[in-house]
Amino acid sequence: VREGIEMRLAVGVEVSGIVVDKDGEPLSGVGLLLRSIGGVSGWNNTTTDSAGRFSFQGAAEGRSQIYTWTGGQQKPLGKPFDAPTTELRLVHERVTTAVLRGVVQGPDGASIPLSTVTVGAARSGGAGPMQVPGGGGTDAVAGAFERTVPGKGPWEVRVMAPRDEQGNPLNLQPARVTVEDAAERVVVKLEPGREIAGSVVDESGKGLADVVVRAASASARTLAQGRFRIRGLKDGPLTLYAMPPAGYVRPAPVVTQAGAQDVRIVLTRGLEIGGTAFGPDGKPVKQAFVSAQWPAAGGAQPGHANVQVQPGGKFLLQGIPPGVSVRVQVQVWAAGGGTALAPKVIENVRPGTKDLEVHLGGGLTIEGIVVGPDGKPQGNCFVYGTSVEGSKQTGYVQVGDDGLWKLSGLEPGRYK
(Lines give C-alpha, C1' and ligand atoms only; values in the text may rest on other atoms or scores of the structure.)
Protein backbone atom coordinates (compact mmCIF):
# COMPACT_ATOMS: atom_id res chain seq x y z
CA VAL A 1 0.00 0.00 0.00
CA ARG A 2 1.28 3.43 -0.98
CA GLU A 3 -0.30 6.12 1.18
CA GLY A 4 -0.16 9.86 1.62
CA ILE A 5 0.41 10.92 -1.98
CA GLU A 6 -0.48 14.59 -2.36
CA MET A 7 -1.39 15.79 -5.84
CA ARG A 8 -1.34 19.59 -5.99
CA LEU A 9 -3.16 21.18 -8.91
CA ALA A 10 -1.51 24.19 -10.51
CA VAL A 11 -3.38 27.37 -11.29
CA GLY A 12 -4.68 27.17 -14.85
CA VAL A 13 -4.01 29.90 -17.38
CA GLU A 14 -6.08 31.33 -20.20
CA VAL A 15 -5.60 30.75 -23.92
CA SER A 16 -7.91 32.80 -26.11
CA GLY A 17 -8.12 34.43 -29.50
CA ILE A 18 -10.06 34.45 -32.75
CA VAL A 19 -10.40 32.15 -35.77
CA VAL A 20 -10.79 33.80 -39.17
CA ASP A 21 -10.84 32.72 -42.80
CA LYS A 22 -8.24 33.76 -45.36
CA ASP A 23 -10.13 37.01 -45.95
CA GLY A 24 -10.09 37.89 -42.25
CA GLU A 25 -13.77 37.12 -41.69
CA PRO A 26 -14.55 35.48 -38.30
CA LEU A 27 -15.53 31.80 -38.36
CA SER A 28 -18.14 30.56 -35.89
CA GLY A 29 -18.75 26.97 -34.81
CA VAL A 30 -15.17 25.76 -35.33
CA GLY A 31 -14.31 22.96 -32.90
CA LEU A 32 -10.90 23.40 -31.25
CA LEU A 33 -8.73 21.14 -29.10
CA LEU A 34 -5.87 22.45 -26.92
CA ARG A 35 -2.91 20.24 -26.07
CA SER A 36 0.20 20.88 -24.03
CA ILE A 37 3.47 19.97 -25.76
CA GLY A 38 5.60 17.71 -23.61
CA GLY A 39 3.64 18.32 -20.43
CA VAL A 40 0.49 17.10 -18.73
CA SER A 41 -2.43 17.50 -21.11
CA GLY A 42 -6.06 16.82 -20.21
CA TRP A 43 -9.19 17.19 -22.27
CA ASN A 44 -9.53 20.85 -23.14
CA ASN A 45 -11.80 21.74 -26.02
CA THR A 46 -14.12 24.52 -27.07
CA THR A 47 -15.97 25.96 -30.06
CA THR A 48 -15.72 29.44 -31.55
CA ASP A 49 -18.67 31.76 -30.86
CA SER A 50 -20.65 33.84 -33.36
CA ALA A 51 -17.80 36.36 -33.50
CA GLY A 52 -15.16 33.69 -34.09
CA ARG A 53 -13.80 34.13 -30.55
CA PHE A 54 -12.64 31.25 -28.36
CA SER A 55 -11.28 30.87 -24.84
CA PHE A 56 -9.68 27.96 -22.98
CA GLN A 57 -9.74 28.28 -19.20
CA GLY A 58 -7.58 26.20 -16.87
CA ALA A 59 -4.95 25.49 -19.52
CA ALA A 60 -1.47 24.27 -18.60
CA GLU A 61 1.28 26.85 -18.74
CA GLY A 62 3.98 26.36 -21.37
CA ARG A 63 4.37 25.31 -24.98
CA SER A 64 1.03 24.36 -26.53
CA GLN A 65 -0.73 23.64 -29.81
CA ILE A 66 -4.33 24.07 -30.97
CA TYR A 67 -5.90 21.47 -33.26
CA THR A 68 -9.08 21.31 -35.28
CA TRP A 69 -10.93 18.68 -37.30
CA THR A 70 -10.74 19.02 -41.08
CA GLY A 71 -12.09 16.43 -43.49
CA GLY A 72 -12.37 13.87 -40.71
CA GLN A 73 -8.77 14.36 -39.59
CA GLN A 74 -7.29 16.14 -36.58
CA LYS A 75 -4.91 18.81 -37.83
CA PRO A 76 -2.83 21.53 -36.12
CA LEU A 77 -4.22 25.01 -36.51
CA GLY A 78 -1.52 27.64 -36.58
CA LYS A 79 1.90 27.26 -34.98
CA PRO A 80 2.87 26.17 -31.44
CA PHE A 81 2.75 28.98 -28.89
CA ASP A 82 3.46 29.69 -25.23
CA ALA A 83 0.51 29.69 -22.82
CA PRO A 84 -0.89 31.91 -21.40
CA THR A 85 -1.92 34.12 -24.29
CA THR A 86 -5.01 36.10 -25.24
CA GLU A 87 -3.88 37.34 -28.64
CA LEU A 88 -4.03 34.28 -30.88
CA ARG A 89 -5.26 34.86 -34.41
CA LEU A 90 -5.71 31.59 -36.26
CA VAL A 91 -6.53 31.29 -39.95
CA HIS A 92 -8.77 28.38 -40.88
CA GLU A 93 -10.23 27.41 -44.25
CA ARG A 94 -13.91 28.22 -44.40
CA VAL A 95 -15.93 25.00 -44.57
CA THR A 96 -18.07 24.86 -47.68
CA THR A 97 -20.90 22.44 -48.32
CA ALA A 98 -22.18 20.74 -51.41
CA VAL A 99 -25.36 18.86 -52.20
CA LEU A 100 -24.94 15.61 -54.09
CA ARG A 101 -28.05 14.32 -55.85
CA GLY A 102 -28.36 11.14 -57.80
CA VAL A 103 -30.11 7.91 -58.64
CA VAL A 104 -29.35 4.22 -58.22
CA GLN A 105 -30.25 2.05 -61.20
CA GLY A 106 -30.15 -1.60 -62.15
CA PRO A 107 -28.54 -3.01 -65.33
CA ASP A 108 -31.70 -2.17 -67.30
CA GLY A 109 -31.80 1.43 -66.10
CA ALA A 110 -34.76 0.88 -63.78
CA SER A 111 -34.60 2.48 -60.33
CA ILE A 112 -33.57 0.25 -57.43
CA PRO A 113 -36.31 0.48 -54.75
CA LEU A 114 -33.95 0.49 -51.75
CA SER A 115 -30.19 0.70 -51.27
CA THR A 116 -27.68 2.10 -48.78
CA VAL A 117 -25.65 5.10 -49.95
CA THR A 118 -22.55 6.54 -48.31
CA VAL A 119 -20.42 9.48 -49.41
CA GLY A 120 -16.73 9.89 -48.63
CA ALA A 121 -13.84 12.08 -49.68
CA ALA A 122 -12.13 10.28 -52.53
CA ARG A 123 -8.51 9.34 -51.79
CA SER A 124 -5.70 8.61 -54.20
CA GLY A 125 -3.66 5.44 -54.44
CA GLY A 126 -6.62 3.07 -54.38
CA ALA A 127 -7.44 3.78 -50.73
CA GLY A 128 -11.04 3.60 -49.66
CA PRO A 129 -13.10 6.74 -49.12
CA MET A 130 -12.78 8.80 -45.97
CA GLN A 131 -16.19 9.25 -44.40
CA VAL A 132 -17.39 12.84 -44.27
CA PRO A 133 -20.00 14.28 -41.89
CA GLY A 134 -23.52 13.89 -43.31
CA GLY A 135 -22.30 11.41 -45.90
CA GLY A 136 -23.15 7.96 -44.72
CA GLY A 137 -25.34 5.11 -43.94
CA THR A 138 -28.81 6.16 -45.14
CA ASP A 139 -31.10 4.62 -47.72
CA ALA A 140 -31.87 5.71 -51.24
CA VAL A 141 -35.62 5.30 -51.68
CA ALA A 142 -37.15 4.67 -55.10
CA GLY A 143 -33.63 4.97 -56.46
CA ALA A 144 -33.11 8.61 -55.44
CA PHE A 145 -30.68 10.05 -52.90
CA GLU A 146 -29.55 13.47 -51.73
CA ARG A 147 -26.64 14.25 -49.40
CA THR A 148 -25.35 17.56 -48.04
CA VAL A 149 -21.63 17.13 -47.37
CA PRO A 150 -18.83 19.51 -46.32
CA GLY A 151 -15.71 20.27 -48.27
CA LYS A 152 -14.81 20.19 -51.92
CA GLY A 153 -14.65 17.28 -54.33
CA PRO A 154 -13.78 14.82 -55.46
CA TRP A 155 -16.16 12.59 -53.51
CA GLU A 156 -16.73 8.90 -53.73
CA VAL A 157 -20.31 7.64 -53.66
CA ARG A 158 -20.76 4.01 -52.61
CA VAL A 159 -23.96 2.02 -53.02
CA MET A 160 -24.47 -1.23 -51.12
CA ALA A 161 -27.24 -3.60 -50.04
CA PRO A 162 -29.68 -3.18 -52.96
CA ARG A 163 -33.16 -4.45 -52.00
CA ASP A 164 -36.67 -4.74 -53.43
CA GLU A 165 -39.77 -2.98 -52.06
CA GLN A 166 -40.11 -5.57 -49.29
CA GLY A 167 -36.47 -5.25 -48.25
CA ASN A 168 -35.32 -8.54 -49.77
CA PRO A 169 -31.75 -8.57 -51.15
CA LEU A 170 -31.32 -8.21 -54.90
CA ASN A 171 -28.61 -10.08 -56.78
CA LEU A 172 -26.73 -6.94 -57.78
CA GLN A 173 -23.14 -6.00 -57.01
CA PRO A 174 -22.27 -2.96 -54.88
CA ALA A 175 -20.77 -0.07 -56.81
CA ARG A 176 -18.81 3.11 -56.32
CA VAL A 177 -18.40 6.20 -58.48
CA THR A 178 -16.17 9.27 -58.17
CA VAL A 179 -17.89 12.66 -58.40
CA GLU A 180 -15.86 15.72 -59.34
CA ASP A 181 -18.64 18.30 -59.64
CA ALA A 182 -21.56 18.46 -57.21
CA ALA A 183 -23.69 20.14 -59.87
CA GLU A 184 -23.72 16.95 -61.90
CA ARG A 185 -26.50 14.42 -61.37
CA VAL A 186 -24.91 11.26 -60.06
CA VAL A 187 -25.95 8.02 -61.71
CA VAL A 188 -24.84 4.79 -60.03
CA LYS A 189 -25.58 1.71 -62.11
CA LEU A 190 -25.41 -1.68 -60.41
CA GLU A 191 -24.21 -4.70 -62.34
CA PRO A 192 -25.63 -8.23 -62.05
CA GLY A 193 -24.13 -10.18 -59.18
CA ARG A 194 -23.17 -13.78 -58.56
CA GLU A 195 -24.39 -15.82 -55.65
CA ILE A 196 -23.22 -18.60 -53.37
CA ALA A 197 -25.56 -21.10 -51.74
CA GLY A 198 -25.01 -23.89 -49.29
CA SER A 199 -25.76 -25.14 -45.82
CA VAL A 200 -24.38 -25.07 -42.30
CA VAL A 201 -24.73 -28.36 -40.43
CA ASP A 202 -23.52 -29.96 -37.22
CA GLU A 203 -21.43 -33.13 -37.00
CA SER A 204 -24.50 -35.33 -37.48
CA GLY A 205 -25.52 -33.48 -40.65
CA LYS A 206 -28.42 -31.62 -39.04
CA GLY A 207 -28.93 -28.10 -40.37
CA LEU A 208 -28.25 -25.24 -38.00
CA ALA A 209 -30.50 -22.19 -38.16
CA ASP A 210 -29.64 -18.55 -37.46
CA VAL A 211 -25.92 -18.85 -38.29
CA VAL A 212 -24.41 -15.80 -40.03
CA VAL A 213 -22.27 -16.63 -43.08
CA ARG A 214 -20.20 -13.83 -44.58
CA ALA A 215 -18.50 -13.46 -47.97
CA ALA A 216 -16.69 -10.23 -48.91
CA SER A 217 -19.04 -7.38 -47.85
CA ALA A 218 -22.22 -9.49 -48.08
CA SER A 219 -23.74 -11.89 -45.59
CA ALA A 220 -26.76 -14.09 -44.98
CA ARG A 221 -28.36 -15.88 -42.04
CA THR A 222 -29.18 -19.58 -42.31
CA LEU A 223 -32.83 -20.67 -42.36
CA ALA A 224 -34.48 -23.48 -40.41
CA GLN A 225 -32.76 -26.26 -42.37
CA GLY A 226 -29.38 -24.55 -42.26
CA ARG A 227 -29.59 -23.30 -45.86
CA PHE A 228 -28.10 -19.94 -46.87
CA ARG A 229 -27.81 -17.88 -50.04
CA ILE A 230 -25.52 -14.87 -50.41
CA ARG A 231 -26.17 -12.56 -53.35
CA GLY A 232 -24.58 -9.55 -55.01
CA LEU A 233 -21.07 -11.03 -55.23
CA LYS A 234 -18.35 -10.42 -57.77
CA ASP A 235 -17.06 -13.23 -59.95
CA GLY A 236 -13.97 -15.16 -58.85
CA PRO A 237 -12.70 -16.89 -55.70
CA LEU A 238 -14.32 -16.02 -52.38
CA THR A 239 -13.72 -16.89 -48.75
CA LEU A 240 -16.67 -17.77 -46.52
CA TYR A 241 -16.68 -17.16 -42.78
CA ALA A 242 -19.29 -18.67 -40.45
CA MET A 243 -20.08 -17.03 -37.12
CA PRO A 244 -20.84 -20.04 -34.88
CA PRO A 245 -23.56 -19.99 -32.21
CA ALA A 246 -22.70 -20.48 -28.55
CA GLY A 247 -21.02 -23.78 -27.81
CA TYR A 248 -19.63 -24.36 -31.31
CA VAL A 249 -16.02 -23.96 -32.43
CA ARG A 250 -15.22 -21.27 -34.98
CA PRO A 251 -14.53 -23.17 -38.21
CA ALA A 252 -11.71 -22.55 -40.64
CA PRO A 253 -12.61 -20.21 -43.54
CA VAL A 254 -13.96 -21.97 -46.63
CA VAL A 255 -12.49 -20.94 -50.00
CA THR A 256 -14.85 -21.38 -52.93
CA GLN A 257 -15.91 -19.75 -56.21
CA ALA A 258 -18.73 -17.33 -56.91
CA GLY A 259 -21.62 -19.31 -58.31
CA ALA A 260 -21.10 -22.37 -56.10
CA GLN A 261 -24.45 -23.85 -55.01
CA ASP A 262 -23.51 -26.69 -52.67
CA VAL A 263 -21.08 -25.24 -50.14
CA ARG A 264 -21.20 -27.23 -46.92
CA ILE A 265 -19.90 -25.81 -43.65
CA VAL A 266 -19.67 -28.23 -40.73
CA LEU A 267 -19.66 -26.87 -37.18
CA THR A 268 -18.39 -28.97 -34.30
CA ARG A 269 -19.30 -28.57 -30.67
CA GLY A 270 -16.44 -27.31 -28.56
CA LEU A 271 -15.33 -28.24 -25.10
CA GLU A 272 -15.98 -26.25 -21.95
CA ILE A 273 -13.98 -24.81 -19.12
CA GLY A 274 -15.94 -24.41 -15.94
CA GLY A 275 -14.97 -23.23 -12.51
CA THR A 276 -15.45 -20.88 -9.60
CA ALA A 277 -13.88 -17.51 -8.79
CA PHE A 278 -13.09 -16.78 -5.12
CA GLY A 279 -12.16 -13.53 -3.42
CA PRO A 280 -9.36 -12.96 -0.89
CA ASP A 281 -11.77 -13.97 1.90
CA GLY A 282 -12.30 -17.40 0.32
CA LYS A 283 -15.90 -16.62 -0.61
CA PRO A 284 -17.20 -16.78 -4.20
CA VAL A 285 -17.12 -13.41 -5.93
CA LYS A 286 -20.46 -11.91 -6.93
CA GLN A 287 -19.34 -9.87 -9.92
CA ALA A 288 -16.45 -10.66 -12.26
CA PHE A 289 -15.57 -10.97 -15.92
CA VAL A 290 -13.92 -14.17 -17.15
CA SER A 291 -12.12 -14.34 -20.49
CA ALA A 292 -10.31 -17.13 -22.32
CA GLN A 293 -7.88 -16.91 -25.22
CA TRP A 294 -6.17 -19.62 -27.23
CA PRO A 295 -3.79 -19.65 -30.22
CA ALA A 296 -4.13 -21.70 -33.39
CA ALA A 297 -3.09 -25.31 -32.84
CA GLY A 298 -3.70 -28.65 -34.51
CA GLY A 299 -5.89 -27.17 -37.24
CA ALA A 300 -8.00 -25.18 -34.75
CA GLN A 301 -8.51 -21.48 -35.32
CA PRO A 302 -7.35 -18.97 -32.70
CA GLY A 303 -10.21 -17.63 -30.64
CA HIS A 304 -11.63 -16.28 -27.43
CA ALA A 305 -14.63 -16.61 -25.14
CA ASN A 306 -16.00 -14.23 -22.50
CA VAL A 307 -18.60 -14.65 -19.74
CA GLN A 308 -19.79 -12.98 -16.56
CA VAL A 309 -19.68 -15.04 -13.38
CA GLN A 310 -23.00 -16.44 -12.20
CA PRO A 311 -24.32 -16.71 -8.63
CA GLY A 312 -21.90 -18.60 -6.43
CA GLY A 313 -18.93 -17.33 -8.45
CA LYS A 314 -19.55 -19.98 -11.14
CA PHE A 315 -18.48 -19.53 -14.76
CA LEU A 316 -18.65 -21.68 -17.90
CA LEU A 317 -16.60 -20.91 -21.01
CA GLN A 318 -17.89 -22.68 -24.14
CA GLY A 319 -16.92 -23.37 -27.74
CA ILE A 320 -13.25 -24.16 -27.07
CA PRO A 321 -11.53 -26.47 -29.57
CA PRO A 322 -9.79 -29.57 -28.17
CA GLY A 323 -6.03 -29.68 -28.07
CA VAL A 324 -5.40 -25.97 -27.52
CA SER A 325 -3.71 -24.31 -24.56
CA VAL A 326 -6.07 -21.79 -22.97
CA ARG A 327 -5.22 -18.64 -21.05
CA VAL A 328 -7.97 -17.80 -18.53
CA GLN A 329 -8.21 -14.40 -16.85
CA VAL A 330 -10.62 -13.29 -14.15
CA GLN A 331 -11.12 -9.57 -13.56
CA VAL A 332 -13.30 -7.89 -10.94
CA TRP A 333 -14.21 -4.29 -11.74
CA ALA A 334 -15.11 -1.66 -9.20
CA ALA A 335 -18.40 0.20 -9.53
CA GLY A 336 -16.74 3.59 -10.13
CA GLY A 337 -14.07 2.38 -12.56
CA GLY A 338 -10.76 0.66 -12.00
CA THR A 339 -10.26 -2.71 -10.37
CA ALA A 340 -11.65 -3.97 -7.09
CA LEU A 341 -9.29 -6.95 -6.83
CA ALA A 342 -6.04 -7.83 -8.53
CA PRO A 343 -6.73 -9.77 -11.74
CA LYS A 344 -5.78 -13.42 -11.89
CA VAL A 345 -4.36 -15.16 -14.95
CA ILE A 346 -4.04 -18.93 -15.28
CA GLU A 347 -2.02 -20.24 -18.20
CA ASN A 348 -2.24 -23.56 -20.04
CA VAL A 349 -5.72 -24.57 -18.93
CA ARG A 350 -6.90 -27.77 -20.59
CA PRO A 351 -10.21 -27.66 -22.53
CA GLY A 352 -12.71 -29.85 -20.73
CA THR A 353 -11.66 -28.71 -17.27
CA LYS A 354 -14.78 -28.52 -15.10
CA ASP A 355 -13.46 -27.62 -11.64
CA LEU A 356 -11.04 -24.73 -12.19
CA GLU A 357 -10.64 -22.66 -9.03
CA VAL A 358 -9.48 -19.08 -9.41
CA HIS A 359 -8.41 -17.34 -6.19
CA LEU A 360 -8.17 -13.58 -6.52
CA GLY A 361 -5.76 -11.61 -4.38
CA GLY A 362 -6.61 -8.37 -2.68
CA GLY A 363 -4.19 -6.42 -4.84
CA LEU A 364 -2.23 -3.35 -3.88
CA THR A 365 -3.57 0.12 -3.15
CA ILE A 366 -2.39 3.62 -3.97
CA GLU A 367 -4.18 6.41 -2.15
CA GLY A 368 -3.76 10.10 -1.58
CA ILE A 369 -5.36 13.51 -1.71
CA VAL A 370 -5.88 16.15 -4.38
CA VAL A 371 -5.47 19.76 -3.32
CA GLY A 372 -5.85 23.03 -5.15
CA PRO A 373 -3.25 25.77 -5.51
CA ASP A 374 -4.32 27.09 -2.08
CA GLY A 375 -3.64 23.72 -0.45
CA LYS A 376 -7.32 23.02 0.22
CA PRO A 377 -8.86 19.64 -0.76
CA GLN A 378 -10.13 19.60 -4.34
CA GLY A 379 -13.03 17.34 -5.34
CA ASN A 380 -15.04 17.02 -8.55
CA CYS A 381 -12.21 15.42 -10.52
CA PHE A 382 -10.79 12.00 -11.41
CA VAL A 383 -7.47 10.30 -10.73
CA TYR A 384 -6.16 7.91 -13.37
CA GLY A 385 -3.58 5.21 -12.62
CA THR A 386 -1.45 4.01 -15.52
CA SER A 387 1.17 1.28 -15.37
CA VAL A 388 4.63 2.46 -16.37
CA GLU A 389 5.39 -1.05 -17.68
CA GLY A 390 2.24 -0.91 -19.77
CA SER A 391 1.24 -4.51 -19.04
CA LYS A 392 -0.56 -4.12 -15.71
CA GLN A 393 -4.22 -3.40 -15.08
CA THR A 394 -5.00 0.28 -14.81
CA GLY A 395 -8.06 2.24 -13.74
CA TYR A 396 -9.52 5.43 -12.42
CA VAL A 397 -11.51 6.67 -9.45
CA GLN A 398 -13.59 9.74 -8.74
CA VAL A 399 -12.16 12.00 -6.08
CA GLY A 400 -14.42 12.63 -3.10
CA ASP A 401 -15.46 16.06 -1.87
CA ASP A 402 -12.70 15.81 0.74
CA GLY A 403 -10.09 15.36 -2.03
CA LEU A 404 -9.33 11.78 -0.99
CA TRP A 405 -8.91 9.00 -3.53
CA LYS A 406 -7.90 5.34 -3.58
CA LEU A 407 -6.87 3.08 -6.48
CA SER A 408 -7.28 -0.55 -5.43
CA GLY A 409 -6.68 -3.99 -6.90
CA LEU A 410 -3.37 -3.08 -8.53
CA GLU A 411 -0.66 -5.54 -9.41
CA PRO A 412 2.91 -4.93 -8.14
CA GLY A 413 4.78 -2.48 -10.32
CA ARG A 414 5.36 1.19 -11.03
CA TYR A 415 2.45 3.53 -11.75
CA LYS A 416 1.98 7.13 -12.72
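pLDDT is the predictor's confidence in each residue, from 0 to 100. This is a predicted model, in which local features need a pLDDT of at least 70 and side-chain atom pairs count only at pLDDT 80 or more, while totals for chains, interfaces and linings use all residues. Residues are numbered from 1 along each chain as its sequence is written, and side-chain values use heavy atoms, with hydrogens and water left out.

**Stop 1: confidence**

Colour the chain by pLDDT. The average is 87, and 90% of the residues score at least 70. Select residues 124-135, where pLDDT stays under 50; for this segment the model has 31 contacts (heavy atoms within 4.5 Å) beyond four places in sequence. Next, select strand S12 (residues 130-131), which has the lowest mean pLDDT among the elements of the chain, 43. Strand S24 (residues 263-266) has the highest, 97.

**Stop 2: the whole chain**

Switch to a cartoon view. The chain has 35 strands and zero helices. Both kinds of element are DSSP runs numbered from the N terminus: helices are H or I of at least four residues, and strands are E of at least two. Of the contacts with a separation of 6 or more, 59% are between residues 24 or more positions apart.

Now display the surface. Its accessible area, from the Shrake-Rupley method with a 1.4 Å probe and, for residues, only the protein chains shown counting as cover, comes to about 22700 Å². Carbon and sulfur atoms account for 50% of that area. Buried residues make up 41% of the 416 residues in the chain; buried means under 20% relative accessible area, exposed over 50%, and partly exposed in between (1.4 Å probe, protein chains only).

**Stop 3: a nonpolar patch**

Select Phe 382, Tyr 384 and Tyr 396, which make a nonpolar surface patch of about 340 Å². Patches are made of residues with over 30% relative accessible area and no salt bridge; like charges are joined within 9 Å, and nonpolar side chains (Val, Leu, Ile, Met, Phe, Trp, Tyr) within 5 Å. Phe 382 is found in strand S33 (residues 382-385) and is partly exposed, at 43% relative accessibility.

**Stop 4: salt bridges**

The structure holds 10 salt bridges, each a side-chain nitrogen of Lys or Arg within 4 Å of a carboxyl oxygen of Asp or Glu.

Begin with Arg 194 and Asp 235, whose closest N and O atoms are 2.8 Å apart. Arg 194 lies in strand S18 (residues 194-201) and Asp 235 in the loop between strand S21 (227-233) and strand S22 (237-243), so the pair ties together parts that are 41 residues apart in sequence. Arg 194 is partly exposed at 32%, whereas Asp 235 is exposed at 58%.

Then select Arg 231 and Glu 195, which form a salt bridge at 3.4 Å, N to O. This pair links distant parts of the chain, 36 residues apart, with Arg 231 in strand S21 and Glu 195 in strand S18. Arg 231 is partly exposed, with a relative accessible area of 37%, while Glu 195 is buried at 17%.

Finish at Glu 367 and Lys 406, whose side chains meet in a salt bridge of 4.0 Å, N to O. Glu 367 in strand S32 (residues 364-371) and Lys 406 in strand S35 (residues 404-410) are 39 residues apart, and the pair links distant parts of the chain. Glu 367 is partly exposed at 23%, and Lys 406 is partly exposed at 45%.
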